[in-house]
Structure formats: structure tokens, C-alpha cells
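Subject: the structure we talked about

Hi,

Have a look first, then read my notes below.

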Amino acid sequence: MCAIEQVNQQCRHLNLASLITVLPELLQQAEANELSYLQYTDLLLGHEVRQRNDKRLATNRRKAGFPVEKPLESFDYRHQTTITKRQINQLLDFDFVDNRPNLIFIGPPGVGKTHLSIGIGIKAIEAGYKVLFASALSLVESLEVAELKGELKKKINALCKYDLVIIDELGYLPMNKQGNYNLFQLINALYEYRSIILTTNKDFTAWGEFFVDENVAVPIIDRLIQHSRIFMLGGESYRLKHKTNA
Ligand code: ADP
Ligand code: MG
């Protein structure tokens, strides 16, 4: 077996298959630049580390389940003036994930709540965190399915594997008592161990009615309010404005 084949085989054996395709190029680079042994080792390992990192980020991005690509870079703070770029940038040290004050975006439809939470979610993934984005409705549905199978706890534990769970559009639709209860169980578990971003069109005062059962609503609201940074977003709907401009 020639030397390169042997190296390739060892790469496969060590699960370094991605190195095989770039090896000729890296060898050429080493040759052309007269790299030292140490520099070449660094080049080789650096490539593998970057490759694995990119793969992990891509996987986490896919698992996050963002419905659309909404990077923070495309958010226009001239339109949305009830929050500043600095306020959002300050969140990107992810102290809110590490030390768990949750974030709540409250405001009418179209003011950018979902856009901001996806944008922050994308940055969190880039910073190495595991993120899940889900609408409140789909979360409640999946909790219900799990509950019917007697696997609510398992499902909640699985959701608690994420560092950050974004619950979008809480309060848009009413849900039944069991739905509320399941969601409470989830928020309760997340609140202790993980971080939440919540978007809602409802002011807290109206949450009681949305949660149907005040006994369930009050503890959820208390917990969330005590440990959250709340951003009240206002202004004109971006969608409507752009419709009129069109
Ligand atoms: P909300 O969740 O508050 O109802 P969205 O975040 O879904 O609103 O915003 C509605 C649409 O308008 C989305 O396509 C979003 O990208 C866009 N949008 C809202 N606010 C802004 C903004 N300030 N800059 C750029 N796009 C925005
Ligand atoms: Mg939204």
C-alpha cells in the first residue's frame, strides 16, 4: 500500500474522513510554504477542528427548527424604535442564558418579536448554545401527544436538553386546561434549569384569561416575571407598513 493510501485508511479508521479530501491540498500548502512539522500539524488539526465545529453548528441550526431565516443583521431599528440595537447587542453576551433571566417580548402583531427572537437564537447557536424555536401552539400539541402516550416527563426532559427554548406567540390562541397544565410543567422545568425567550401579544394582565385556570396562570406568570427581562415593543406593524408602501 502506498503511503497516501495508508494515511487515508488511518483517517477512516479514526473517523477523520473529511481530512482525506483535503489532505493533498494541505500537503501541497506545507510543501509550498516550507512549513515546519509543528506548523503542518497545526494546519491539519486546525482543519479538522473547524470542520467539526461547522458541522456541529449546522446540526444545531437544523435542530433549532427556525421557521424562517431572520438574522439580526436585517432588523431595522429605524422602523422599530421601542427597542435599541444596543439593548439587543447587550443580550448577545448570553448572560441571560448562563444566568437564566428569561426574555419576554410583548407587543402587537408585526412589530418584530419573532424576528428578534430568531435573530438572537441564531447568534446563540453561533456562540455554541443549543436552541429550540417552537410556537407555543406546536409545543402544546407535542406535549399533548407525549402526555397521551404517558411520556410527558420524558418529553419535558428532552426539551430541557436545550440551553435556550424560544416559545413564540404565547397567547394567540386559547388552549384547554390540560394544555395549560402541560405548558406549565414545561415552563416550570425550563425555568429552573434553562433559559426561555417568550414572545406574546398579550400584556401580563390579560394572561390570566388566556391560561383559563388562574391557579395555573398565577404561578407561571409570577415565575416568569420575577426572572425575566421584559421588552415592551410598540409601533407600527412592519408588515402593514410595507404593504402600504408597496
Ligand atoms: P411579530 O412576531 O411581532 O408579529 P415579526 O417578527 O413576525 O412580528 O415581523 C413581521 C415581519 O416583518 C417579518 O417578516 C419580520 O422580518 C419583519 N419585520 C418586523 N420588524 C422589522 C424590523 N424592525 N426590521 C426588519 N424587518 C422587520
Ligand atoms: Mg410573531
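The notes below go through the ligand and then the pockets.

A bit of housekeeping: this is a predicted model, in which local features need pLDDT of at least 70 and side-chain atom pairs count only at pLDDT 80 or more, while totals for chains, interfaces and linings use all residues. Residues are numbered from 1 along each chain as its sequence is written, chains are lettered from A and ligands numbered from 1 in the order in which they are written, and side-chain values use heavy atoms, with hydrogens and water left out.

Let's start with ligand 1. It has 15 residues around it, and the closest are Asp 76, Gly 110, Lys 113, Thr 114 and His 115. On its own, ligand 1 would expose 550 Å², and the protein buries 89% of that (areas from the Shrake-Rupley method with a 1.4 Å probe).

Which elements give two or more residues to the shell around ligand 1? They are helix 6 (113–126) and helix 12 (238–245), and helix 6 gives the most, with three residues. (Helices are DSSP runs of H or I with at least four residues, and strands are runs of E with at least two, numbered from the N terminus.)

Now the pockets. Rolling a probe the size of a water molecule over the atoms shows where empty space is left. Here a pocket is an open set of points on a 1 Å grid over the protein atoms alone, where a 1.4 Å probe fits, with protein on both sides within 12 Å along at least five of seven lines; lining residues have an atom within 4 Å of a point.

Ligand 1 takes up the space of the largest pocket (more than half of its atoms lie within 2 Å of the grid points). That pocket has a volume of about 490 Å³, the space filled by probe spheres set on the points. Its lining has 21 residues, and helix 6 supplies the largest share, four residues.

The second largest pocket has a volume of about 210 Å³. Helix 9 (177–193) and helix 8 (152–159) each supply at least two of its lining residues, with helix 9 giving the most, five.

Cheers

Note on methods
A residue is near a molecule or strand if one of its heavy atoms lies within 4 Å of it.
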